[in-house]
Amino acid sequence: MEQQFQSEQPDRTDINPESTKKKKNEALEWLKAIVIAVVLVFLIRWLLFAPFIVDGPSMQPNFHTGERIIVNKILYDFRQPKHGEVVVFHVPSEGRDFIKRVIAVPGDTVKVEGDTVTVNGKQVSETYIQEAIDEKHKSNQLYNTEADFPNEEFKDGKVPEGYVFVLGDNRSNSTDSRRLGFISQKEIVGRADLVFWPLKDIHFIKH
């Protein structure tokens with residue numbers, strides 16, 4: 001009696017060329033997306049916005065040491081700085097960046113006498129530090145005990161073209177235009193727009 005054996009065929013997995021091609025395309029799309037994201041982050045970081053760390057008490061009570069802020073680097077490519085805006089600028093003689101508030105712009109005549117700041121003969125309403133000024137006045141003290149302007153070093157109070165006059169909010173503890181003179185707009189890094197750290201203090205900056 002003859003025995004019949006059925007030959008066993010080895011398992012075989014069919015390969016679908018279309019499926020393989022689809023997976024490769026998906027991987028390529030992911031790679032493109034990652035590259036684009038990295039490029040965008042680079043552009044935002046270096047060309048449009050930049051982080052800045054507040055260091056020192058010169059802008060108290062509105063800014064404090066250790067706060068992280070976002071600086072808008074392109075705004076002043078389209079327009080001039082305005083009164084009251086908080087800006088970050090480079091001081092070549094110091095080799096570092098400062099953060100201060102714009103008080104006067106080109107063509108303005110500025111004068112600082114104690115706690116009275118005038119621009120073109122009109123007193124500036126400094127709501128951002130008025131409470132701190134009032135507290136000092138209650139004790140018959142000046143908020144600004146640092147310096148006036150013009151002074152012996154800087155005798156002309158008129159802001160030249162291409163420059164701004166800046167002050168720190170903490171008038172008694174700030175190296176600003178009273179000591180540095182007018183600030184060239186070419187040295188301005190940008191406008192401070194957002195405090196993003198500490199998280200509990202996150203807010204857009206009022207100008």
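1. **Lining of the largest pocket.** Strand β4 gives the most to the lining of the largest pocket, with three residues. The model is predicted. β4 covers 96–104, and β11 covers 203–204; each of these strands supplies at least two residues of that lining. The space in the largest pocket comes to about 400 Å³. In total 17 residues line it, and Gly 84, Arg 101, Tyr 128, Lys 206 and His 207 are the closest to its centre. By class, the lining divides into eight nonpolar, seven polar and two charged residues.

2. **Second largest pocket.** This one has a volume of about 270 Å³. Its lining holds 16 residues. Nearest the centre are Asp 55, Ser 58, Arg 96, Phe 98 and Lys 100. β4 again deserves attention: with five residues, β4 gives the most to the lining of the second largest pocket. β1, residues 49–53, also supplies at least two residues there, as does β4. The classes here are seven nonpolar, five polar and four charged.

3. **Overall make-up.** The chain contains three helices and eleven strands. Along the sequence, the pattern reads α-β-β-β-β-β-β-β-α-β-α-β-β-β. The chain has 207 residues, and 35% of them are buried. Consider the contacts with a separation of 6 or more: residues 24 or more positions apart account for 60% of them.

4. **The β5-β6-β7 sheet.** Three strands make an open sheet, in the order β5-β6-β7, with antiparallel pairing. The edge strands are β5 (110–113) and β7 (122–123), each pairing on one side only. Strands of a sheet pair through backbone hydrogen bonds, either parallel or antiparallel. Between β5 and β6, residues 116–119, there are four bridges, and the two strands run antiparallel. Lys 111 has its bridge partner in β6, namely Thr 118.

5. Gln 123 belongs to strand β7. Is Gln 123 buried or exposed? It counts as exposed because its relative accessibility is 58%, and the cut-off for exposed is over 50%. Leaving aside residues up to four places away in sequence, Gln 123 touches Thr 116, Val 117 and Thr 118. Thr 118 is also the bridge partner of Lys 111. Gln 123 and Lys 111 are twelve residues apart in sequence; their C-alpha atoms are 9.2 Å apart in space.

6. **Cis peptide bonds.** Which residues does the cis bond with omega of about -5 degrees join? They are Phe 149 and Pro 150. Pro 150 sits in the loop between α2 (130–138) and β8 (163–167). The peptide bond from Trp 197 to Pro 198 is cis as well, with omega near 0 degrees. Pro 198 lies in the loop between β10 (188–197) and β11. β11 is one of the strands that supply at least two residues of the lining of the largest pocket. Most residues other than glycine have a negative phi, and most peptide bonds are trans.

7. **Positive phi at Asn 120.** Asn 120 is not a glycine, yet its phi is positive, near 55 degrees. Where does Asn 120 lie? It is in the loop between β6 and β7. These two strands belong to the open sheet of point 4, in the order β5-β6-β7. Asn 120 has a relative accessible area of 47%, so it is partly exposed.

8. **Positive phi at Asn 140.** This residue also has a positive phi, about 55 degrees, although it is not a glycine. Asn 140 is in the loop between α2 and β8. Pro 150, from point 6, is found in the loop between α2 and β8 too. Asn 140 counts as exposed because its relative accessibility is 75%.

Definitions and conventions: Residues are numbered from 1 along each chain as its sequence is written. This is a predicted model: local features need pLDDT of at least 70, side-chain atom pairs count only at pLDDT 80 or more; totals for chains, interfaces and linings use all residues. Side-chain values use heavy atoms; hydrogens and water are left out. On a 1 Å grid over the protein atoms alone, a cavity is a set of points where a 1.4 Å probe fits but cannot get out, and a pocket is an open set with protein on both sides within 12 Å along at least five of seven lines; lining residues have an atom within 4 Å of a point. Grid points are joined across faces, edges and corners, and a volume is the space filled by probe spheres set on the points. Ala, Val, Leu, Ile, Met, Phe, Trp, Tyr, Cys and Pro count as nonpolar, Asp, Glu, Lys and Arg as charged, and the others, Gly among them, as polar. Two strands pair if DSSP finds at least two bridges between them. Buried means under 20% relative accessible area, exposed over 50%, partly exposed in between (1.4 Å probe, protein chains only). Contact means heavy atoms within 4.5 Å.
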